[in-house]
Each structure stands twice: as C-alpha cells, then as structure tokens.
Amino acid sequence: FTSLEFLLETHRKCEGAILFNFEKAGIPKGASISFVSATTITATVVDENHILLQGETMSVSGATLRILASHGKKRTNIQGTKYWTYQGVPLSEMKKL
C-alpha cells in the first residue's frame with residue numbers, strides 16, 4: 001500500500017464505527033457504569049465519549065479490551081457497548097445517534 005491507499009483502507013474499515021456518546025444516551029458525567037459479566041467492575045463517565053477505569057481515562061471499547069485481556073481473552077477490536085450497563089440497561093440498547 002502507498003500512504004494514500006493505507007489511509008483510504010483504514011477509513012473504509014472505520015466508516016461504521018461511531019463512538020458511543022453518553023450525553024446523547026442520557027447518561028450524565030459522573031455516572032457509574034458496570035461491566036456485564038462482573039458487576040463489581042465499574043467505571044465513571046468523564047465526558048461524552050470516555051470513562052475512567054482504574055485511574056485511567058479511555059473509551060468504552062478500550063476499557064472492554066483491557067478487562068477481557070486481563071481475563072485471558074485477547075481481541076483486537078470489539079463493540080464495547082455490549083459489555084457495559086447503566087442502571088441495568090446495556091449501553092448498546094441506549095445508543096442514540
């Protein structure tokens with residue numbers, strides 16, 4: 001690939017990927033969200049696209065990949081909103097674009 005071809009291919013792969021927006025989903029800053037398979041794992045919403053997990057700010061997908069990796073499940077990409085809930089509702093069901 002040339003640099004331009006690489007950029008175009010990367011863009012095509014990411015076209016459908018849209019960051020989850022907590023504000024549009026009605027989830028306020030400071031709210032606590034829980035990991036689906038281990039509700040003792042929680043994170044705090046810090047802005048419209050990021051959460052605070054173990055002292056580090058990251059995206060929902062980034063946090064999900066980190067948690068899964070710590071449990072021996074290696075992945076390179078994931079739909080993080082399927083793994084987190086707010087007040088018992090999966091984020092993937094709350095997504096409003």
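Two strands pair if DSSP finds at least two bridges between them. Helices (H or I, at least four residues) and strands (E, at least two) are DSSP runs, numbered from the N terminus. This is a predicted model, in which local features need pLDDT of at least 70, side-chain atom pairs count only at pLDDT 80 or more, and totals for chains, interfaces and linings use all residues. Residues are numbered from 1 along each chain as its sequence is written, and side-chain values use heavy atoms, leaving out hydrogens and water.

Let us start with the sheet. Six strands make an open sheet, ordered S4-S3-S2-S1-S5-S6, with antiparallel pairing. S4 and strand S6 (89-90) stand at the edges with a single partner strand each, so one side of each has no neighbour in the sheet. Antiparallel S1 and S5 are joined by two bridges, and Thr85 in S5 is the bridge partner of Ser34.

Thr85 is buried (under 20% relative accessible area; exposed is over 50%, partly exposed in between, with a 1.4 Å probe and protein chains only), at a value of 16%. Not counting residues up to four places away in sequence, Thr85 touches Ile33, Ser34, Val36, Pro90 and Leu91, where contact means heavy atoms within 4.5 Å.

Now to helix H2 (residues 60-70), whose buried residues are Val60, Ala63, Thr64, Ile67 and Leu68. They cover an arc of only 130 degrees around the axis (taken from the directions from the helix axis to the C-beta atoms), which puts them on the same side of H2. Here are the elements they pack against:

| Element | Residues |
|---|---|
| strand S1 | 32-35 |
| strand S2 | 38-45 |
| strand S3 | 51-53 |
| strand S4 | 56-58 |
| strand S5 | 84-86 |
| helix H3 | 91-94 |

After H2 comes Gly72, with a positive phi near 80 degrees.
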